[in-house]
Amino acid sequence: MNALHQYQAVNTQTSVVDVDRHQLIQLLFDGAIERINMAKARINAKDFEGKNRLINKSIEIVSGLRSFLDIEKGQELAKNLFDLYVYCEHKLFQANVRNDISILDEVLGHLKKIQEGWSGIRKEVLEKGLI
């Protein structure tokens with residue numbers, strides 16, 4: 001493992017240890033968005049193996065976001081997010097098979113919109129002790 005990868009691994013581990021649940025979910029959004037953008041670059045470079053790894057990791061991250069949902073407590077909102085995450089996972093799979101950047105852009109739009117909302121509720125979440 002080269003020095004850059006070692007630094008990134010330590011940096012990531014340190015980031016995860018020092019965060020609360022709200023920040024952890026924010027990091028998951030950041031990771032999915034970053035990997036999807038990198039996958040787009042890999043498609044343009046015709047590096048389909050690299051694209052495949054990145055999209056598969058994005059699918060894993062979106063699945064992780066889905067796993068944080070509490071349908072019982074979150075009711076309709078959580079159910080809608082669950083369905084949207086499943087849809088995004090399906091679209092990521094399609095984008096991977098088709099090497100389709102427009103599908104990746106669609107998923108990016110959904111994830112960025114959810115991330116924006118998630119970022120906007122941080123203060124309320126902390127004040128109410130919801131994390």
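This is a predicted model: local features need pLDDT of at least 70, side-chain atom pairs count only at pLDDT 80 or more; totals for chains, interfaces and linings use all residues.

Biologist: At what angle do α2 and α3 pack, and are they roughly parallel or antiparallel?

Modeller: The axes of α2 and α3 are 8 Å apart, and the helices pack at an angle of about 160°. Angles over 145 degrees count as roughly antiparallel. The relation of α2 to α3 is therefore roughly antiparallel.

Biologist: How many charged residues does the contact of α2 with α3 have?

Modeller: The crossing of these two helices, α2 and α3, is left-handed. From α2 the contact draws on residues including I25, L28, F29 and R35, and from α3 on residues including F48, K51, L54 and L65. By class, 13 residues of the contact of α2 with α3 are nonpolar and three are polar, while the charged ones number four.

Biologist: How are α3 and α4 oriented to each other, roughly parallel or antiparallel?

Modeller: Helix α3 spans residues 48-67, and its axis comes within 9 Å of that of α4. The two axes cross at roughly 170°. With over 145 degrees as the criterion, α3 and α4 are therefore roughly antiparallel.

Biologist: Into which classes do the residues of the contact of α3 with α4 divide, and how many belong to each?

Modeller: On the α3 side, the residues involved include K51, I55, I59, V62 and R66, and these belong to a set that meets α4 residues, among them F82, Y85, E89, L92 and F93. The contact of α3 with α4 divides into 11 nonpolar, five polar and three charged residues.

Biologist: What is the handedness of the crossing of α4 and α5?

Modeller: Helix α4 covers residues 71-98 and helix α5 covers residues 101-120; their axes come within 9 Å and cross at roughly 155°. That angle makes α4 roughly antiparallel to α5. The contact includes L81, L84, Y85 and R98 of α4 together with I103, V107, H110 and I114 of α5, and its residues comprise 12 nonpolar, two polar and three charged. The crossing of α4 and α5 is left-handed.

Biologist: Which element gives the largest share of the lining of the largest pocket?

Modeller: The largest pocket has a volume of about 730 Å³. Its lining takes two or more residues from each of α2, α4 and α5. The largest share, six residues, comes from α4.

Biologist: Which lining residues lie nearest the centre of the largest pocket?

Modeller: By class, the lining of the largest pocket has 15 nonpolar, three polar and three charged residues. Of the 21 residues that line the largest pocket, those nearest its centre are F68, L69, L81, W118 and I121.

Note on methods:
Residues are numbered from 1 along each chain as its sequence is written. Side-chain values use heavy atoms; hydrogens and water are left out. Axes are lines fitted to C-alpha atoms, for helices over the stretch in contact, and angles run from 0 to 180 degrees between N-to-C directions. Helices (H or I, at least four residues) and strands (E, at least two) are DSSP runs, numbered from the N terminus. Angles under 35 degrees count as roughly parallel, over 145 as roughly antiparallel, 65 to 115 as roughly perpendicular and the rest as oblique. A crossing is left-handed if the near helix is turned anticlockwise from the far one by less than a right angle, and right-handed if clockwise. Contact means heavy atoms within 4.5 Å. Ala, Val, Leu, Ile, Met, Phe, Trp, Tyr, Cys and Pro count as nonpolar, Asp, Glu, Lys and Arg as charged, and the others, Gly among them, as polar. On a 1 Å grid over the protein atoms alone, a cavity is a set of points where a 1.4 Å probe fits but cannot get out, and a pocket is an open set with protein on both sides within 12 Å along at least five of seven lines; lining residues have an atom within 4 Å of a point. Grid points are joined across faces, edges and corners, and a volume is the space filled by probe spheres set on the points.
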